[in-house]
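Hi,

Here is the structure I promised to pass along. Have a look at it first, and then read my notes below.

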Amino acid sequence: MVRVVRVSEVDGMGAQRDPAEVSEFVERFATVLTDAGFPRMSARVFTALLTADSGRLTSAELGELLRISPAAVSGAVRYLTQVDLVSREREPGTRRDRYRIHDHVWYEATANRDRTLSRFESSLAEGVEALGPDTPAGQRLAESLEFFAFLRVEIQQMMQRWRDREK
């Protein structure tokens with residue numbers, strides 16, 4: 001039997017929540033994420049997990065909560081796992097998967113950007129070499145390379161300040 005999950009009617013402290021208000025928030029924040037480049041369905045699923053007290057929901061629970069098909073949940077979760085925002089866990093004693101938002105999700109997402117920036121730098125360095133550092137295009141790529149190198153160092157320092165703040 002599938003347990004129907006409503007958008008957090010009671011939080012962990014016993015405080016009442018207005019399901020309609022929470023649902024409206026899910027849609028508004030999903031729109032913000034979509035505007036930032038998230039696929040629409042992934043943004044909705046991510047926000048639903050973000051607003052669940054447990055941070056964990058099954059595919060059926062996500063489908064019921066967001067009124068979307070199992071295929072839509074599957075596609076959304078595939079994207080979210082690929083970008084390391086969500087993990088898939090097997091529900092003990094069943095064949096059902098439960099999707100879990102990572103602890104410290106924003107920190108982890110930002111920390112994962114370091115790998116992306118490193119890849120940008122490597123590719124841009126190859127481009128500078130291929131185009132020549134004295135050509136206008138080579139200079140443009142070199143400036144981009146310097147920017148991403150600067151950004152990566154700044155993000156690393158910012159992340160350290162966050163870790164120090166959290167201690």
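Predicted model: local features only at pLDDT ≥ 70, side-chain atom pairs only at ≥ 80, totals over all residues.

A search of the whole structure turns up 6 aromatic pairs. In one of them, the ring centres of Phe-38 and Tyr-79 are 6.0 Å apart, and the pair is edge-to-face because the planes sit at 70 degrees, where over 60 is the cut-off. This pair links distant parts of the chain, with Phe-38 in the loop between α1 (19-35) and α2 (40-51) and Tyr-79 in helix α4, 41 residues apart. Phe-38 is buried, at 16% relative accessible area, whereas Tyr-79 is partly exposed at 26%.

Another pair is Phe-46 with Trp-106: the ring centres are 5.4 Å apart and the planes meet at 75 degrees, so this one is edge-to-face too. Here helix α2 contributes Phe-46 and helix α5 contributes Trp-106, 60 residues apart. Phe-46 is buried, with a relative accessibility of 0%, while Trp-106 is partly exposed at 41%. Ring pairs join Phe-38, Phe-46, Tyr-79 and Trp-106 into a cluster.

Now to the largest pocket, which has a volume of about 410 Å³. Its lining is made up of 14 residues, and those nearest the centre are Val-83, Ala-109, Asn-112, Arg-113 and Thr-116. Helix α5 (105-131) and helix α4 (70-82) each supply at least two lining residues, and the largest share, 8 residues, comes from α5. By type, the lining divides into 6 nonpolar, 4 polar and 4 charged residues.

Best wishes

Notes:
Residues numbered from 1 in each chain as written. Heavy atoms only, no water. 1 Å grid on protein atoms, 1.4 Å probe; cavity = no way out; pocket = protein on both sides within 12 Å on 5 of 7 lines; lining within 4 Å. Points joined across faces, edges and corners; volume = space filled by probe spheres on them. Helix = DSSP H or I, 4+ residues; strand = E, 2+ residues; numbered from the N terminus. Nonpolar A, V, L, I, M, F, W, Y, C, P; charged D, E, K, R; others polar. Phe/Tyr/Trp six-rings, centres within 6.5 Å; stacked < 30°, edge-to-face > 60°. Buried < 20%, exposed > 50% of the residue type's maximum accessible area, 1.4 Å probe, protein only.
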